[in-house]
Amino acid sequence: MNGLISTGLIGLSLGAQYAMIAIGFTLIFGIMGVINFMHGGAYVLGGYLAFTLYHSLGVPFAVAIALAVIAVAAFGYVLEVLLVDKYVNDHLATMLITLGANLILITGVIVVWGAEPVDYRFPIPGSFRAGGFYFPYSSAIVLAVCATSIAGMYYLIFRTRYGIALRAMADNRMVATAQGIRPSRMFPLAFALAMGLAALTGAMVTPILALEPNLGESQLLKAFIVVILGGLGSVGGATIAAFIVGMVEAYSSVYLGGSKGSLVLFGIVLLLLLVRPSGLMGTEARKA
Amino acid sequence: MVAQRVRDFRLDLAGLAVLVPLLLVPFLVRSPLYLSLTHQTVVGIIAAMGVYIMLRMNLLPFTVPAFMAIGGYAAAMLSVWGGMTNLLVLMTASFVIPMLVAVPLGILVLRLKGTYFIFFTFILNEILQVAIFETPSLTGGSDGIAGVPPATLLGIEFGTPSLLLLVTIISGLVAGLVTLVVTHVYRAEFASIEENETLAESLGLAVWWYRSIGFVFSAGVSGLAGFAMVHMLTAAHPSSFASFSAINYVAYAFVGGRGTLLGPIVGAAVLVILSNLFSSQGLYSAALFGLLLMVVVMAAPGGLVGEIRRLVSWRPTGGRLQPLTQERARGKHG
């Protein structure tokens with residue numbers, strides 16, 4: 001029973017991480033029709049920047065993370081303006097451009113920090129114990145930060161003027177533009193927001209797991225699975241699907257072991273595609 | 001339009017024609033370095049042709065490594081466990097078995113619209129990798145299948161480095177021929193799907209049928225690439241078919257140009273040779289790939305071949321040389 005609860009908590013924090021990654025990813029797609037292959041790169045870059053700030057420069061952990069997030073968000077903003085903006089209507093072109101940019105980014109990371117994993121540690125060791133189950137403090141903090149950020153994103157998207165404008169853009173770009181919402185202002189901000197979220201996840205999670213340059217691939221793959229499950233462009237779907245994926249992963253790795261978990265996950269994805277090709281909460285896929 | 005079609009066809013034929021002289025390489029070249037480079041180039045070319053077939057319908061497939069693995073493993077199992085080394089049988093198996101796998105998969109995958117298709121084909125590679133690792137009794141798991149014997153035909157054993165390469169080049173020619181035939185038999189249908197799928201469908205074109213044909217043949221061609229790879233390495237190993245190698249094959253097709261068959265061939269040759277030149281600084285070759293991909297998409301949407309055609313074209317506008325993407329790219333924010 002205790003094992004069941006501990007595993008559930010692990011699943012919850014995994015789910016929260018995946019949700020952070022997938023919300024940004026699906027947001028960019030929903031609004032701009034862009035498949036951002038740099039999303040995994042933002043996760044890695046966030047981790048490395050926070051690592052350098054915290055371990056090498058001695059900046060306090062929380063400040064290091066905040067600075068890393070701001071830096072990556074700014075990077076995302078510039079990237080959108082320079083590379084993506086001009087080609088935003090052609091989803092093959094934007095995909096290949098971000099793919100290329102990501103290859104360059106990862107090479108840059110390897111040049112600066114090396115190809116081997118670096119020793120990035122969470123500042124608060126130890127774990128919370130009650131009865132027979134235990135939960136590391138680090139995971140608890142990550143879970144709390146992720147939950148707050150996700151709530152913040154929901155507030156931003158569904159309650160603020162900026163969020164309303166974003167959703168209007170996603171619904172119908174022509175009508176939204178006619179109403180005076182300017183794509184040239186909205187798109188870079190959305191990109192910065194999404195990449196900032198990925199960087200926050202990277203900066204928080206990599207000290208618990210590991211930090212190496214090629215982490216981005218698996219994160220992107222996770223985002224793909226979450227987004228397929230949840231329905232492309234749907235923030236709510238992505239959140240629900242992320243927690244499903246997190247739970248399945250946690251329980252299957254404990255009770256089935258190793259890569260059986262991925263098989264279960266892939267099985268779920270296949271089944272869902274048979275029954276509901278547009279995902280849990282997806283509507284008809286957009287013709288971007 | 002007719003003139004355009006003739007010129008397209010000439011470039012497609014030119015693509016096949018540049019492969020033919022490669023047949024001489026095994027007999028003229030002795031240096032293992034160049035033999036290996038030719039082998040890598042040809043495998044890259046075959047894989048890029050697998051991408052190219054789907055690109056003709058504006059679908060970007062990341063399935064190539066998965067079907068390469070199926071074709072390669074099929075040939076390895078036949079020869080290692082079945083004792084079958086006949087070249088024709090092995091090539092047929094590595095072509096047909098991926099096609100058979102592609103049929104049910106196509107039913108599932110081709111219902112998906114563009115973006116879902118991309119995601120799902122990406123995940124497919126990962127599923128196959130896990131499947132290989134989880135079935136060690138069948139596929140050798142993480143050890144792969146080693147000791148694949150050389151193929152034989154009419155009493156000749158293709159065992160020496162030169163003859164191993166010859167098999168790769170023959171596979172390349174067969175793949176090129178298949179690609180040429182498929183893209184020309186269904187040229188009109190593929191083109192109408194590429195330009196406007198909804199319109200094509202409303203004019204009575206059974207889009208799903210032609211997409212399936214493309215998907216199945218793309219799988220077969222990829223399978224040949226897998227066979228060539230496994231045969232040359234004399235082993236089938238999961239790392240040869242890593243998911244993210246799909247990006248390389250897509251890059252080959254795009255950098256070369258997606259408009260004609262010559263494009264993926266030129267793209268694969270240029271990028272494989274360049275990344276070998278850069279291999280002394282291994283880690284920069286990924287960045288080089290990225291840079292080329294970005295530059296080509298941004299500056300030359302028709303790829304190298306498309307761009308050269310545009311420059312040498314005698315008509316000031318160059319006819320309909322650029323693919324649709326460039327026109328779309330020009331209109332900012334719809």
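Modeller: Ala147(A) is located in helix 5 of chain A, which covers residues 137–159. The model is a predicted one, and in it Ala147(A) has 15 C-beta neighbours inside 10 Å. A residue needs 20 or more such neighbours to be buried and 12 or fewer to be exposed, so Ala147(A), with its 15, counts as partly exposed.

The contact draws 39 residues from chain A and 38 residues from chain B. On the chain A side, at least two residues come from each of helix 4 (91–113), helix 7 (173–178), helix 9 (215–230) and helix 11 (260–275). Helix 4 of chain A contributes the most to this side, namely 14 residues.

The partner may be described in turn. Chain B contains 16 helices and 4 strands, and 50% of its 334 residues count as buried. Among the contacts in chain B with a separation of 6 or more, 75% join residues 24 or more positions apart.

In helix 15 of chain B (residues 303–312), the buried residues are Gly303(B), Val305(B), Gly306(B) and Arg309(B). Viewed down the axis of helix 15 of chain B, these buried residues fall within an arc of 125°, and therefore they line one face of the helix. The face of helix 15 of chain B that is turned away from the buried side carries Leu311(B) and Val312(B), which are exposed.

Finally, there is the matter of confidence. The model scores ipTM 0.80 and pTM 0.82. For chain B the average pLDDT is 79, and 89% of the residues score at least 70. Over residues 324–334 of chain B, however, the pLDDT is below 50; this stretch has 19 contacts in the model beyond near neighbours in sequence.

Note on methods
Residues are numbered from 1 along each chain as its sequence is written. Chains are lettered from A and ligands numbered from 1 in the order in which they are written. This is a predicted model: local features need pLDDT of at least 70, side-chain atom pairs count only at pLDDT 80 or more; totals for chains, interfaces and linings use all residues. Two residues are in contact if their C-beta atoms, placed from the backbone, lie within 7 Å. pLDDT is the predictor's confidence in each residue, from 0 to 100. The arc is that of the directions from the helix axis to the C-beta atoms.
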